[in-house]
Amino acid sequence: MRHPPRLSALLAGAALTMASTALAVMGTASGAAAAPACTVEYSVVGQWAGGYQGAVTVTNNSAALNGWSLGFDFPAGQVMSQGWGGKWSQSGTSVTVVNESWNGALGTGAKISAGFIASWTGTNTAPTAFTLNGTPCTTDAPSPTPTPTPTTPTPTPTTPTTPPTTPPTTPTPVTGAPELGVSGNRFIDQNGATRRLLGVNRSGGEFMCVQGYGFFDGPVDDASVKAIADWKANTVRIPLNEECWLGLDNVKPEYRGANYVAAVKDLVAKVLAHGMTPVVELHWTHGQYTGNSAGCSDTHATCQKPMPDAQYTPAFWTSVANTFKNDRRVVFDLFNEPYPDRATSTAAQAWSCWRDGGTCPGIGYEVAGMQDLVDAVRATGAKNLVLVPGLAYSNDLSRWLTYRPTDPAGNLAAAWHVYNFNTCADEACWNDTLAPVAAQVPLLAGEIGENTCGHAFIDRVMKWFDDRGLSYLGWTWNTWNCNSGPALITSYDGTPTAFGIGLRDHLRALNP
């Protein structure tokens with residue numbers, strides 16, 4: 001969903017203290033009064049068995065630079081696999097990150113941030129020596145690197161290639177949030193019981209951080225999450241911002257990297273604690289697009305782009321998957337609303353771009369396709385359920401079955417969005433384009449809504465989905481004016497709008 005313009009004018013939130021493992025790097029100097037050449041903060045944003053996400057922030061304390069190169073050595077055999085915020089390379093233990101074309105100027109006192117993903121064995125010891133443009137820096141002793149908490153992997157449900165026959169005995173659903181798998185065209189839990197995802201979206205994590213106001217729009221304390229559960233919702237979709245997660249330096253330090261990841265993990269934990277399924281979803285991404293239906297001309301992740309970017313999105317999903325791969329209750333929604341069809345001239349080009357990425361007609365940045373993102377998730381060993389949206393802002397699934405990505409884990413489902421103003425917004429279109437998909441794979445309407453401040457349209461959507469045992473989530477659990485964007489509530493205590501009454505009462509009727 002594209003957001004109402006008023007969101008960019010939200011009041012600034014209070015700054016938070018950076019929580020990271022950091023070390024100060026002071027430049028070599030002759031004499032006690034000499035100024036340090038640079039200061040480097042090295043932090044471990046997240047760590048898991050065999051890998052971690054790291055970040056470096058460099059402050060230039062010397063003369064202004066037009067082009068920079070940071071060098072350091074990994075002391076414990078770490079091997080970097082991905083990097084962002086600069087051009088990364090590794091030779092043996094030596095690592096170099098050189099500026100991109102857009103961040104080469106580094107004035108006196110200016111900061112630059114970059115991040116990476118690397119593997120490790122034994123002890124993940126932090127680097128102790130850095131150079132900036134060849135000038136050596138001395139280091140203070142680093143703080144200890146956090147040790148990952150061992151987690152016992154959960155079993156992967158068996159995934160048949162064809163829809164199974166009805167078992168003679170109906171399995172008992174597990175209590176609380178399930179570990180979701182795919183069986184034919186059904187979502188199942190670890191007992192094999194059929195499950196439906198029914199709930200809401202909780203917007204804010206995609207825009208507040210990049211606009212410099214905080215992590216979420218409104219409270220995400222226990223009481224506000226409990227209010228969602230009180231509607232008898234069993235699923236909460238949480239939109240995210242890739243630049244905030246990866247810690248890119250256009251985001252305020254207090255709202256990026258480790259701080260942002262911690263805030264997301266905390267909300268996910270609260271959702272799980274109330275027995276609901278968290279769906280973490282990539283909403284806003286990097287990459288400049290100024291073509292047809294562009295939401296903004298900004299290179300940064302400040303609006304909905306037509307496709308994910310190859311520069312950062314695979315790294316985002318590598319990190320997110322590593323963060324949550326030991327908890328199969330967390331669902332991954334790869335990308336909010338693709339629309340390469342607005343940039344390309346033919347449906348075949350649009351669907352090829354959607355699946356394969358690369359250089360896509362009409363899109364000026366290198367694209368990461370849905371197959372690239374599935375591969376990034378599965379390369380971490382994550383078996384979590386993955387949702388893959390369609391074209392036309394996720395409203396078109398007409399060729400989803402033909403172009404769907406291959407999933408070695410067999411745990412893939414289709415995602416679809418619908419509003420009363422979309423092209424595919426009536427039963428005839430749903431019968432033609434949705435029903436064939438829903439006959440083969442599970443289908444989740446990740447966003448349903450209308451701009452009427454009523455619920456007549458979503459009532460029709462919910463009936464069509466109920467009749468087929470499918471899943472849907474209302475947009476959105478935020479206190480916005482329903483005339484500028486579908487808002488379910490007027491207060492975070494769960495007081496519904498006229499639109500929200502339709503969803504609330506329906507969920508309660510399904511789960512009395």
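This is a predicted model: local features need pLDDT of at least 70, side-chain atom pairs count only at pLDDT 80 or more; totals for chains, interfaces and linings use all residues.
Buried, as the word is used here, means under 20% relative accessible area.

| Pair | S to S distance | Torsion about the S-S bond |
|---|---|---|
| Cys209 and Cys244 | 2.0 Å | about 95 degrees |
| Cys424 and Cys429 | 2.1 Å | about -115 degrees |
| Cys453 and Cys482 | 1.9 Å | about 105 degrees |

With a torsion of about 95 degrees, the disulfide of Cys209 and Cys244 is right-handed. This pair links distant parts of the chain, 35 residues apart, since Cys209 lies in the loop between strand E16 (198-201) and helix H1 (222-230), while Cys244 belongs to helix H2 (residues 242-246). Cys209 has a relative accessibility of 1% and therefore counts as buried, and Cys244, at 0%, is likewise buried.

The disulfide of Cys453 and Cys482 is also right-handed, because its torsion is about 105 degrees. Here too the pair links distant parts of the chain, 29 residues apart, with Cys453 in the loop between strand E22 (443-449) and helix H9 (456-467) and Cys482 in the loop between strand E23 (471-474) and helix H10 (498-510). Both of these cysteines, Cys453 and Cys482, are buried.

For Cys424 and Cys429 the torsion is about -115 degrees, so this disulfide is left-handed. Cys424 has a relative accessible area of 4% and is therefore buried. Cys38, at 0% relative accessibility, counts as buried as well.

Definitions and conventions. Residues are numbered from 1 along each chain as its sequence is written. Side-chain values use heavy atoms; hydrogens and water are left out. A disulfide is a pair of cysteine sulfur atoms within 2.5 Å. Helices (H or I, at least four residues) and strands (E, at least two) are DSSP runs, numbered from the N terminus. Buried means under 20% relative accessible area, exposed over 50%, partly exposed in between (1.4 Å probe, protein chains only).
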